[in-house]
Amino acid sequence: MDTSTKLSRTLTHVFIILFGLIMLYPVLWMVSSSFKPESLIFSTPSIFSDTWTLENYKNGWQVVRDVTFGLFFKNSFLISAIAVVANLITCSMAAYAFARLRFPLKKLWFACMLMTIMLPAHATLIPQYTIFHELGWINSILPLTVPKLLATDAFFIFLMVQFFRGIPKELDESAIMDGCGIFQIYTKIILPLSVPVLITTSIFTFIWTWDDFFSQILYLNTVDQFTVPLGLRLFLDSQGQSSWGSVFAMSVISLVPITTVFFIFQRYIVEGIATTGIKG
Amino acid sequence: MRKTLLFVLMLLLTAFLVACGSDSDDAASDSNSESSGKETASQDSSEDEITLRVAWWGGQERHDRTLQVIEMYEEQNPHVTIEPEYSGFDGYFDKLNTQLAAGNAPDVIQFGGNLNDFVLRDVILPLDDFVGNELDISLHDESMIDSATFDESFYGVTLGTTAWGVLINKTLFEEAGIAMPSKEWTWEEFQELTPQLTENLDGTYGAGDFREDGFGVFLAQRDKFTYKDGEVQFEPEDVKDWFNLWKDLRESGGAAIPEVQVAASQTPEQSLIVQRDVVMESIASNQYSAYTGATEDEFELYPFPYNSETGKNGISLRPSQYFAVYKDSPHAAEAAKFLDFFVNNTEATEVLGNERGAPVNSEVRDNLIANANETDAAIYDYISLISETSDAPFIPNMPGYNENTQLFTETSQIIYYDQKTVDQAAEDYYEELLQNIEKYVNEEE
């Protein structure tokens, strides 16, 4: 009895570990390739190699001229940080309004907001670009950050509305009894009770902004403004010579911040999504 | 009461937006040259400080070399500041299309074989006014000038010439114990050689599918052309012959099986020939160094097998990329001067080397051949061989290039998996191709 449960447990674990390794293989391959000499990456695609080198990291870091990959990290961090802070403040305010306040045509505005989630990004692309061009914001981080100050990420608003609706109204009422106004209910009651969903929002905003390629290449023209995803593509020319070694090396480095964020906050992600799901 | 509040809020928001706009305009005027450039141009058009925006895609090597040339140009022309806008290939044209739609495109833009599509859309400036003045093209290959000439106007300078060829893995030939063919080989020899290679090598096939590029050469060997003088110049019969040729090759074991072929990547580093899945593959000569750099095997570039009936090899010189000038560029003449420097200046072309293909200016090319390294020498040799033996005119891409290439690939795959007979698939291809072309040509009118 005892041995058979032990056996089945061991078997389960062996299976899970093997399966995990299979899932991890592409990442492991990338890490190992980043340490291989460029000419061996595709000709000997095995994970294990006889020759190891740091050449790719050196070449990759020194992108062109005086531009290093460090600059791309700085730019990416700046944009992501602004996006996270802005989304936290403005999306939670908008969500609070939808969840708690009463104002005319509320249902219509809510539907409009949901519709922006469904609107394909390509449909709004050119008008948006034209607006930013007229404002003279092209080739700066403004088009990538200012919209976040206006609660444009409807997905997060929706997520928060669901969460806020689950917070008992009685708490608001007792706060009103104690003399709280609308804004104080927001800061003193709603926000402190919503930490899981706020963390979920921060993590996803960070990851999505960090990984975003298209809007960044659209609005950033010169290399000194480039972010990590653009920097990685700088090495790739599908028709000519690509420096795959450098791409892999820099990809490994650019995975570090994002995995760190994920591992530190992962239990909150689950909590945030689970609680919004149940109560919503 | 509520409504007034809402109105005030809206006003505030608008004010905020406007404030942001003008703020950043001031702040950006030194970094965002585009707006400041336009202002100076309208105020004073003499030898004033101007800024040229130059856009290209490429890999690290191309960025390094192009930037170096830009620095040289700025040194010699102190009144010009060049703002380089470079990126990888991903997203390059998406971005360009958006910029064109918003009227914010760079002054000098790199194009590939799709230059004609952009000329049709009327976003490129004809350079005729500058030819002979700012821009000298007297030593450029005639066929390359033709390739950038549409409706008798000249639209772009060729940054490099290439030619299609068959890349052969010499090391694998040795391993198979088979002698290399002569450079004047025929399709019959090719059909004989490839099954032998497959048989003598373990897990390697004689040849990978030569794709649409090979089909173009195959047609030219029969004095027929994909698209010339505004019409399709081949028949469904030719399509059938081409696909039958490859079907026979697969059946004889000479060509890679569909499973291998479908998984193939166009990227040199991941291509079948570098992976040792096949011994021969068709490539453009400017890709040669990318292929040789990705492996330790020894490669050699061959012309396509000759058509034994017509005795033609059907290969022509081709432009790899162009620099063209944006139609609404405020500094068109300065842009033309930069183009001239880029392709005609000896020092500049020495820096650029073969990265975009062999130089278009014959004098400059001779200068480069004299001091080339081994890989580049192999490419120049091949280009010289082709310019001596070439018996076909340059054929520009068909209108709607991307869509038609996709159609060709799909047709190949339908045939790989026997979803249609070769005859049926070829006829369907031909019909759809004509429709596509008609669609694109009508759009232009």
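1. Domain bounds here come from an automatic or database domain assignment. For chain A that assignment gives domain 1 (3-52) and domain 2 (66-277). The model is predicted: local features need pLDDT of at least 70, side-chain atom pairs count only at pLDDT 80 or more, and totals for chains, interfaces and linings use all residues. Residues are numbered from 1 along each chain as its sequence is written, and side-chain values use heavy atoms, with hydrogens and water left out.

2. The centres of domain 1 and domain 2 of chain A, taken over C-alpha atoms, lie 34 Å apart. Contact (heavy atoms within 4.5 Å) involves eight residues of domain 1 of chain A and nine residues of domain 2 of chain A.

3. Buried area is the accessible area (1.4 Å probe) that two parts lose on being put together, summed over both. For the two domains of chain A this is about 680 Å², with 82% of it on carbon and sulfur atoms. On the domain 1 side, A:Met30, A:Ser34 and A:Glu38 lose the most area to domain 2, together 60% of what that side buries.

4. Between domain 1 and domain 2 of chain A there are zero salt bridges (a side-chain nitrogen of Lys or Arg within 4 Å of a carboxyl oxygen of Asp or Glu).

5. Helices are DSSP runs (H or I, at least four residues), numbered from the N terminus. Helix H1 (2-34) and helix H2 (40-43) of chain A each supply at least two residues of the domain 1 side that touches domain 2. H1(A) gives the most to that side, with five residues.

Notes: Chains lettered and ligands numbered in written order.
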